[in-house]
Amino acid sequence: MIYYNLKDHQEKIDFKNATIKGQGNEKGLFFPERIPHFEEEFIHNLHRYTHEEIAYRCMKDFVGDEIPSEILQEIVAETVNFDIPLVKINNQIAVLELFHGPTLAFKDIGARFMSRCLSYFLKDQNKKVTVLVATSGDTGGAVAHGFYKLPGINVVILYPKNRVSPVQEKQLTALGENISALEVDGSFDDCQNMVKLAFADAEINAKLLLTSANSINVARWLPQQIYYLIAYQQWIQQQNENPVISVPSGNFGNICAGLLAHFRGMPADHFIAACNDNHVIPDYLETQKFQPHTAVPTLSNAMDVGNPSNFVRIMELFGNQFDALKNTVSAYSVNDQETMNTITRVYQKYNYLLDPHTAVAFASLEKYLKENPGKKGFILGTAHPVKFPDAVEKAIHTSIEIPGSLNGLMKKEKKTVEINSDFEELKRFLLHKI
């Protein structure tokens, strides 16, 4: 598979180099030159396949022969080796629980796949790779865990100070070893802009071999298709109609992966981009004007993105045709009060506990179903509620028990370097500390 740069179509590279490089010239994202379609037999008989087989069939065309088949099978087996259940909340809405992995968040899947691919590609390299990533919450922990102690790889994570939850912060700061956490006095957008500037800086790139583990990296973005297929596999065993799929949306890599799976042949009735008070895309679908803004801090902090990087990939999927996009995707904005009310109401009425991000998806799907009676769908449960104790405990008026898997982590010391939202500070760290 060849990937081209969305800002410079003349730049074309293979999966290996797209994984290592992260982004292209002019800070452009890579996009597959063709969209491989699933065989009808595969989709029709999805219930007969294991999760590992689904993952392999999903990814093999994008990887091609750059990773031997037996190695790719091992990689995808490790990527999906935990439960991914579709759980009924009520007669209209189910939730795909993506928080049963090691860091209790959906990003475990993309981070595990990418880390193993990168490790394979670098096994014969003499030069260390530096994985540089910005996080608004869960990406940092998933990347830290996925790359922890991998030989030949250093990880540098930028996160906005005071804008991630205590569990999220410990997951990305407490490991040490080859993981460095930079606590930035700024927003996620500041962190992301600094990362993009680092990739474009000639002096940094002369010294370091940089790659990104954000969803801008194809090896992080593409494997997220897998759990949409796993969800659909379970859905068709419970329902007759195609699902409406509501996705908590921040940087838009998650919903972009779902749309890609749909373009490849996975049936879906409609997609919903569920947003918080950062409503650039809901505004765009209303006005056809794309106007990025400074990110607003909310309870669903991993979605606090004012300029979603992956939206350009979504537009590429739709041939940059606004009407085609709007026929397939709706977007809603849910504020913090609605989020809290949704957590409380769903817990009291259905005895199901949502984290703030998943609550935004639930409220958005409810709005769509009210406007479109008779339809059904599922939401993506992107994080365990324990990662957001302040908001969730306030909503349900009771404490949440911390899973045993986190007890050791929460006792570890936080290890960070505090910096301002100034690229020169990041540059000095990369040139002199790595």
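How many cavities of 30 Å³ or more does the structure hold? The count comes to 7. A cavity is defined on a 1 Å grid over the protein atoms alone, as a set of points where a 1.4 Å probe fits but cannot get out. Grid points are joined across faces, edges and corners, and a volume is the space filled by probe spheres set on the points.

The model is predicted: local features need pLDDT of at least 70, side-chain atom pairs count only at pLDDT 80 or more, and totals for chains, interfaces and linings use all residues. Residues are numbered from 1 along each chain as its sequence is written, and side-chain values use heavy atoms, with hydrogens and water left out.

The largest cavity has a volume of about 270 Å³. Its lining comprises 26 residues, where a lining residue has an atom within 4 Å of a point. Closest to the cavity centre are Phe-106, Lys-107, Gly-250, Asn-251 and Ala-302. Two or more lining residues come from each of helix H6 (138-147) and helix H12 (253-263). Helices are DSSP runs of H or I with at least four residues, strands are runs of E with at least two, and both are numbered from the N terminus. H12 gives the most to this lining, with 3 residues. By class, the lining has 10 nonpolar, 13 polar and 3 charged residues. Here Ala, Val, Leu, Ile, Met, Phe, Trp, Tyr, Cys and Pro count as nonpolar, Asp, Glu, Lys and Arg as charged, and the others, Gly among them, as polar.

Strand S6 (residues 129-134) is largely enclosed by the rest of the structure, because 6 of its 6 residues are buried. Buried means under 20% relative accessible area, exposed over 50%, and partly exposed in between (1.4 Å probe, protein chains only). Val-129, Val-131 and Val-133 cover one side of S6; Thr-130, Leu-132 and Ala-134 lie on the other. S6 pairs in the parallel sense with strand S7 (residues 153-160) over 6 bridges; pairing requires at least two DSSP bridges. Val-131 has Val-155 as its bridge partner in S7. The chain runs from S6 through H6 to S7 in a right-handed β-α-β crossover (clockwise from the first strand over the helix to the second, with the strands pointing away from the viewer). S6 also pairs in the parallel sense with strand S9 (residues 209-212), over 4 bridges. There, Leu-132 is partnered by Ser-212.

The structure holds 0 disulfides (cysteine sulfur pairs within 2.5 Å). For Cys-117, the nearest cysteine sulfur is that of Cys-58, 12 Å away. Cys-117 counts as buried because its relative accessibility is 0%.

Definitions and conventions:
1 Å grid on protein atoms, 1.4 Å probe; cavity = no way out; pocket = protein on both sides within 12 Å on 5 of 7 lines; lining within 4 Å.
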